[in-house]
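Please keep the sequence and the model in view while reading.

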Amino acid sequence: MHPNHALPVNRRSLLAGVASLAIAGAARAQGSKTGVDAATWTPEYITSIAGTAEYDTAAECAKVVPLDYRGRLTYWYWGPNQASPQIEHEIDAQFWAAFAKTYPNIQVSKLSLDYNTMLDKLRAASLGKAAPMVARLPILWGSEFAAKGMLMPFGPADVGFGDDEFWPGALKSVTWKGKKYGVPTNNETMALIWNADLFKQAGLDPEKPPATWDELVAYSKQIKDRTGKNGYGMVARVNAGNTPFRFMPQLWAYGGGALDEAEDNPTYKTIKINSPGAKAALQASVDMYIRDKSVPVSALTNTQTENQDPFIAGQLAMMISHPSEYAAMLDRAKKATGDDRKIADAVVANMRYGLIPKGSARRAVVFGGSNAHVFNADIVEGGLDVKAARAFVAFMTGPEWSTKMAWVSSNPGNIRGFRSKWMKERLDTIKFLNITTSMLPNGIPFPVLPQSAEIMNIIVPNMLQNALTKKMTVDAAADAAAKQIKDLLADL
Amino acid sequence: MANARPGLLRRIVRHRADYLYVAPALLVMLLVIAYPIYDTIYLSFFNTPPNLALEDKIFIGLGNYQRILGMDSFHEATWNTFVWTVFSTLFAFVLGFGAALALNREFVGRGLMRGILLIPYVISAVAASYIWRWLYHSDFGVIGAISVAIGLTENPINFLDSTDFVMASLIVVNVWKEFPFAMIMMLAGLQTVPDQLLRAAQVDGAGPWHRFWHITVPHLKGVTLVTVLLLLVANLNSFTIPWIMTGGGPAGASEIWITHIYQLAFGRIRFGLASAYSVILFIVMMGMGYFYVRALTKGDAK
C-alpha cells in the first residue's frame, strides 16, 4: 500500500479538531438516509461506498418546488476561470443545461466572478441594494453577511434535506447566532503535491513526501541546493484566499492558530497568532524564504496560479493544492509544444499527491468549501423570488450536482453524494482524489466570525510579509498581528 | 451707490433663462458629486464595524480622524504617497517636456514617432499593470532574465517583492503611462510660442539655450503650471497601477493613500474610517484644485 493511502482514522485523530466533530456528527447519522458511516473514513471506505446508491434529482426537487414553477433567479458565483481545467468549464455548462431542463420556466441571470474580487463586489452590491437572490460563497464569507442581517434564514430543511446530510463543520459555517443562513454545496481539503523526478534529482526518495513541516523545510533546501530549482511553492500575497489556505495548515500543525479555531471547542476569544506554535510556523517560512532561499522570490506577490507555470516547467518541486491541480497540469501539458511538451509530460508523469505534513501538534488542513446563501428581499435587485431560490438551491445541493460541481476540485457537500455513481466515476477517473478526500478528518474551518475574511486575507498575510521582508522580526510580526486581531475583536 | 452689484437672487431672476438652461447639468452634478461628498463626510463621523449593517453605525464624532492620524500605517502611507506623487509628477513632466521639444521640430517620421509615444497613454491601465507585473516578475520576468543573460546581475532583479525597490519600480510604470499626457500638453504649449519672437532673438544673436530659456520657457509658464497640477492630482488619485501590481505590498511598502482607503473600505469593511481618510484626501485635493483654478483663470479679471 502506498504510505500516503494508509489513513486509519484512530480515536485520537478523530478528537483532534473540528473535523472530528464532523465525523462524530456524521457517524450519528449512521442508519439515517445518508447510509454513510463517516466513523470509518478511510480511502478504502470512501471507495467502497461509491456507486452504491441511485438518486433522482428531479424527483427530489419536485418535492421542494414543482418542476413547472414559473419564476426568475439572479445568481452570483465563483465559477471556472482561465486557470481551471477544461472539465470544470464543461461541467459548469452541463449544470446550467440540466437546471434549465429540470426547471424550464425559471429564467436565470447568472454572473461568474473572480474569487479575489467577488467579495468586494458583493459587499458593494449588498450595500447598494443590488444583491443577487442567491450567491454561492466560499465558506469564509457568509458569516459577515449573516451578521449584518443581509441573508435570509435558510437551511437544509428549506430545500428538503436533513442536517445529517451535511458535515457538521460545514453546517457550523452557515450558522450565525443559532440560525442557519445557507446550505453547504461542497467541502474540500487540499493535499501536498510533489514532482518525484525533482525529488530524485535532489537525492530524496521520489515516493516519500515530507512527513513533517520541519522535513518540508529541509527538503525544500535540499532541492534548491542540489538542483537550483525552487523547493516549495510558498504563497504570501495579501488579499488573496490562496495565502491562508496554504499557511494556516502550517500554523495549526505547529500548535498555533489565528484564534483558538483549531481547538475542540473553539470560543474565538483566545488569540493564538503570537503563540509559540504560530511563531514556530512563521519562523519555518522565514527560514525557507530568507535563510535557505528555497522558495520563489515572487511568493509575496504570487497566488497559487503563479505556481502552476513553474511546476509544469519542472522548476518547482512541491506545492499545496486541490485534486484539480492534476487536471490543470494535464491541460497545460496538452497546450505545450516542442521541448516544453516533453518537459510538461514528464512533470505530469512524475506528479504525486500526499498528505499535508504534520507539525508538532497535529496534521491540519483548511476545511474549505462553499455554501449557497439567499439574500434578504429588501437588498435584492428586482425583488426576491423565494420559490425560484429554493428550487435552485435544492437542485444545486442535492447528491447529484453537489458531486458533479465538485468534480475535480472538491467533495460533495451533501454526504449522500459519496454513495453516488458519479462519486465512483470520479474516484475511477481522477488520480489522487482519494488522498485529498481522506484529508477531510484533518480539516479545520476558519473562525466563524464576520471578521474572518479580514483576519485570514489581510492580517495573516501581512504578518507573513512583515517577517519575510525583514520589516519585522518573527516575534514582532506575530505580536503586531495579535494586536490587530485584538483591536478587531474589541471593535465589535 | 449707483454702481453697486445687484444681489445674487436678483441676478438669478434677471438671468433666469440662462440658469434654466444649466439647471439640468447642475442637478446631475449635485446628485453625482455633491451628494457622495456629503455622504462621505457624514459617514466619517461613525464607527462601522464589519459585524454591523450600515444602518446600525455608531456615532463617534472625530474619533475616526484621531484614529487615522495615530495609525502607523497612515504615516507610512503618507510618506509613500509623497514619494509616489512627487517623483511620478517630476519624471513624467520632464520626460513629457523632453519628448514635446523633440517632436516640436520638423523631422522625417515625426508623425509616426508621435503616435508611438502616445501608445502608453492609450493602453488601458489595467492591461498595462498586468503586462508590467509579468515583465518585472521576480522569478521569471523578462527584464530579470535579460539582466542575467547579459551578465548585468547574477540573479533576476527583485522589483516587486522587495520593500526597497517596489516603489521605484511602480513609479517607472506610472511615468511610462502618463508622460505622453505631459507631452501632449507641452507640445500644445510649444506651438503657441510666437515664431517671430524666436526669429527676432536669433537675428539678435541669441543662441538656442538663450532662446529656450528667455522666450520659450516664460511662454510655457501657464501650461506648465496646469500640467503639473493635473499630474499631481492624477497621481494622488492613482489607484490602478499600485493596486493591481502589488496591492500595496510587500509589507505596505507601496501602500499609498488611495490604496489604503480602498483596503480599509472594502478589505476591512471600515466605511467610517475610510470615509474620514477620504475627507483628508479630499481636503488636500481641494487645495490643489484651488491653485488649478487660479492658474486657469489668471488674467480673467483684467
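Predicted model: local features only at pLDDT ≥ 70, side-chain atom pairs only at ≥ 80, totals over all residues.

**From sheet to cores and contact**

In chain A, six strands make up an open sheet with mixed pairing, in the order β2-β1-β3-β12-β6-β13. Its edges are β2 (106-112) and β13 (411-412) of chain A, each of which pairs on one side only. Within the sheet, strand β3 (residues 134-138) of chain A runs antiparallel to strand β12 (residues 368-374) of chain A, and five bridges join them.

The mean pLDDT of chain A is 89, and 93% of the residues reach at least 70.

The next topic is the nonpolar cores. The largest nonpolar core has 151 residues, and the members that touch the most others are Val134(A), Phe375(A), Phe392(A) and Met463(A). Helix α20 (residues 452-468) of chain A contributes the most to this core, giving 10 residues. Domain 1 (52-189 + 367-437) and domain 2 (191-365 + 451-490) of chain A each supply at least three residues to this core. Leaving out residues up to four places away in sequence, Met463(A) touches Ile273(A), Leu282(A), Ala477(A), Ala478(A), Ala480(A) and Ala481(A). Another core, of 47 residues, lies apart from it; its members include Ala182(B), Met186(B), Ile256(B) and Trp257(B).

How many residues does each chain bring to the contact? Chain A brings 26 residues and chain B 22 residues. On the side of chain B that touches chain A, 10 residues are nonpolar, nine polar and three charged.

Val148(B) sits in helix α7 (residues 142-149) of chain B. Is Val148(B) buried or partly exposed? Val148(B) counts as partly exposed because it has 14 C-beta neighbours inside 10 Å, while a buried residue needs 20 or more. Setting aside neighbours within four places in sequence, Val148(B) is in contact with Thr153(B), Asn155(B) and Pro156(B). Between the C-alpha atoms of Val148(B) and Leu52(B), which are 96 residues apart along the chain, the separation is 53 Å.

Definitions and conventions. Residues numbered from 1 in each chain as written. Chains lettered and ligands numbered in written order. Contact = placed C-beta atoms within 7 Å. Nonpolar A, V, L, I, M, F, W, Y, C, P; charged D, E, K, R; others polar. pLDDT = per-residue confidence, 0-100. Core = buried A, V, L, I, M, F, W, Y, C linked by C-beta atoms within 7 Å. Buried ≥ 20, exposed ≤ 12 C-beta atoms within 10 Å, placed from the backbone. Helix = DSSP H or I, 4+ residues; strand = E, 2+ residues; numbered from the N terminus. Domains from an automatic or database assignment. Pairing = 2+ DSSP bridges.
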